[in-house]
Amino acid sequence: MSKFSIISEYFAFLKNNKKWWLLPLAVILVLLGALIVLTGGSALAPFIYTLF
């Protein structure tokens, strides 16, 4: 099984079902997740968690 099989399957789903509006939503979720992971141990963490 390929490392990127979930990503390729997601793009195939978007293409087959014409649900391209889901792409920005997934990108925002990935970026927010990366922001939380990267700044989780820093002084910015309390400010990030107030957004949720």
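Biologist: At what angle do the axes of helix 1 and helix 2 cross?

Modeller: This is a predicted model, and in it the two axes cross at roughly 155 degrees and come within 11 Å.

Biologist: Happy with that. What is the pattern along the sequence?

Modeller: The chain reads α-α-α, with three helices and zero strands.

Biologist: Now to the loop between helix 1 and helix 2. Why is Trp20 called partly exposed?

Modeller: Trp20, found in that loop, has a relative accessible area of 46%. Buried means under 20% and exposed means over 50%, so Trp20 is partly exposed.

Biologist: And why does Lys18 count as exposed?

Modeller: Lys18 is in the loop between helix 1 and helix 2 too. Its relative accessibility is 64%, and the cut-off for exposed is over 50%, so Lys18 counts as exposed.

Biologist: What is the phi of Lys18?

Modeller: Lys18 has a positive phi of about 55 degrees, though it is not a glycine. Most residues other than glycine have a negative phi.

Biologist: Which residues make the nonpolar surface patch?

Modeller: Phe4, Ile7, Phe11 and Trp20 make it, and it covers about 440 Å².

Biologist: How much of the chain is buried, then?

Modeller: Buried residues are 10% of the 52 in the chain. The chain exposes about 4600 Å², with 76% of that supplied by carbon and sulfur atoms.

Methods. Residues are numbered from 1 along each chain as its sequence is written. This is a predicted model: local features need pLDDT of at least 70, side-chain atom pairs count only at pLDDT 80 or more; totals for chains, interfaces and linings use all residues. Side-chain values use heavy atoms; hydrogens and water are left out. Patches are made of residues with over 30% relative accessible area and no salt bridge: like charges are joined within 9 Å, nonpolar side chains (Val, Leu, Ile, Met, Phe, Trp, Tyr) within 5 Å. Accessible areas come from the Shrake-Rupley method with a 1.4 Å probe; for residues, only the protein chains shown count as cover. A salt bridge is a side-chain nitrogen of Lys or Arg within 4 Å of a carboxyl oxygen of Asp or Glu. Helices (H or I, at least four residues) and strands (E, at least two) are DSSP runs, numbered from the N terminus. Buried means under 20% relative accessible area, exposed over 50%, partly exposed in between (1.4 Å probe, protein chains only). Axes are lines fitted to C-alpha atoms, for helices over the stretch in contact, and angles run from 0 to 180 degrees between N-to-C directions.
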